[in-house]
Amino acid sequence: MRDVLRLLFVTLGALLPIVNPLGGAPIFLAMSADLPAHAHHRLAFVLARNTFLMLAAAMLVGSYVLQFFGISIPIVRVGGGLLVIASGWRLLHEDHPEPVAAPPVNEAWERELGRRGFYPLTFPLTVGPGSISIAITLGAAGGFTNLAIVDLATNLTGVALVALTVFLSYRFAARLIDALGETGTVVFLRLSAFILLCIGVGIFWSGIVGL
């Protein structure tokens with residue numbers, strides 16, 4: 001039991017700082033400010049679900065997929081780092097979005113949920129190349145022994161807890177923005193976009209060094 005708890009904390013400690021749901025919350029709000037409140041809450045659930053599915057898939061089959069296509073982890077970091085840099089640059093220079101009236105029909109925001117639910121909010125902003133490479137590394141030693149199956153179940157439990165943290169951070173992100181006020185929100189969004197840009201540069205450079 002002690003080993004299971006230790007592995008669970010290792011998984012959480014490895015993934016949570018990279019996923020960083022609290023840091024991504026203001027960016028999530030900036031990209032969903034034009035959606036009605038119920039769509040905003042639904043989008044938080046969609047992103048949490050996608051986070052779990054992507055990390056679990058990377059943990060289970062990621063190493064085999066990369067090996068099949070002849071892609072190394074450094075290449076994933078270079079390509080993903082470029083995506084994160086592009087997203088951070090765009091957020092840093094775009095005008096602060098003003099909330100608009102809700103669409104007249106539900107289908108309008110439902111299409112938006114489908115469009116934004118994966119790119120760019122899930123990938124690469126929430127689950128980027130860094131967290132994917134970590135998930136692949138955690139699952140790389142997997143096998144079909146009883147011990148490996150227990151370790152895999154523990155890792156998946158950690159991934160589920162990370163996804164839950166993403167949901168809670170995004171679902172209640174508006175309260176943080178309300179506490180900051182209009183000026184504080186703009187400053188926080190700009191700083192978050194700049195940090196995202198720097199993270200992208202770091203991921204890109206680590207891929208270059210690996211290559």
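Let's start with who touches whom along this chain. In this predicted model, take the contacts between residues with a separation of 6 or more: 93% of them join residues 24 or more positions apart. Please keep that number in mind while we look at the helices.

What secondary structure does the protein chain have? The count is nine helices and zero strands. Reading from the N terminus, the elements run α-α-α-α-α-α-α-α-α. The chain has 211 residues, and 41% of them count as buried.

Now to the inside. In soluble globular proteins, nonpolar side chains tend to be buried together. Here, the largest nonpolar core has 38 residues. Which of them touch the most other members? They are Phe 28, Leu 43, Leu 55, Leu 121, Ile 132 and Tyr 170. Several elements give two or more residues to this core: helix H1 (2–19), helix H2 (21–31), helix H3 (37–69), helix H4 (73–93), helix H6 (121–126), helix H7 (129–139), helix H8 (146–171) and helix H9 (173–210). The largest share comes from H3, with nine residues.

Let's zoom in on Tyr 170. Which residues is Tyr 170 in contact with, once we leave aside neighbours within four places in sequence? The list is Pro 21, Gly 24, Ala 25, Phe 28, His 40, Ala 44, Leu 47 and Thr 126. Now look at Ser 169, which sits in helix H8. Is Ser 169 buried or exposed? Its relative accessible area is 10%, and the cut-off for buried is under 20%, so Ser 169 is buried. Leaving aside neighbours within four places again, Ser 169 is in contact with Pro 21, Leu 22 and Ala 25.

Beyond its neighbours within four places in sequence, Thr 51 is in contact with Thr 122, Thr 126, Val 127, Ala 163 and Val 166. Leu 60 is in helix H3 too, but at 39% relative accessibility Leu 60 counts as partly exposed.

Next, how helices pack. Two packed helices are described by the angle between their axes and the distance between the axes.

The crossing of H1 and H7 is left-handed. On the H1 side, the contact is made by Thr 11, Ala 14, Leu 15, Ile 18 and Val 19. H7 brings Gly 130, Ser 131, Ile 134, Ala 135 and Leu 138. Sorted by class, this contact has seven nonpolar, three polar and no charged residues.

The other pair is H2 and H9. These axes come within 8 Å and cross at roughly 100°. Angles of 65 to 115 degrees count as roughly perpendicular, and therefore H2 and H9 are roughly perpendicular to each other. From H2, the contact uses Gly 23, Ala 25, Pro 26, Ile 27, Leu 29 and Ala 30. From H9, it uses Ala 173, Ala 174, Ile 177, Phe 188, Leu 189, Ser 192 and Leu 196. By class, the contact of H2 with H9 has 11 nonpolar, two polar and no charged residues.

Last, some backbone details. Most residues other than glycine have a negative phi, and most peptide bonds are trans. Asn 20, in the loop between H1 and H2, has a positive phi near 50°. At 35% relative accessibility, Asn 20 counts as partly exposed.

And where are the cis peptide bonds I want to show you? One runs from Tyr 119 to Pro 120, with omega near 5°; Pro 120 lies in the loop between helix H5 (106–116) and H6. Another joins Phe 123 and Pro 124, with omega about 10°, and Pro 124 lies in helix H6.

Definitions and conventions:
Residues numbered from 1 in each chain as written. Predicted model: local features only at pLDDT ≥ 70, side-chain atom pairs only at ≥ 80, totals over all residues. Heavy atoms only, no water. Core = buried A, V, L, I, M, F, W, Y, C linked by side-chain atoms within 4.5 Å. Buried < 20%, exposed > 50% of the residue type's maximum accessible area, 1.4 Å probe, protein only. Helix = DSSP H or I, 4+ residues; strand = E, 2+ residues; numbered from the N terminus. Contact = heavy atoms within 4.5 Å. Left-handed = near helix turned anticlockwise from the far one by under 90°. Nonpolar A, V, L, I, M, F, W, Y, C, P; charged D, E, K, R; others polar. Axes fitted to C-alpha atoms, helices over the stretch in contact; angles between N-to-C directions. Parallel < 35°, antiparallel > 145°, perpendicular 65-115°, else oblique.
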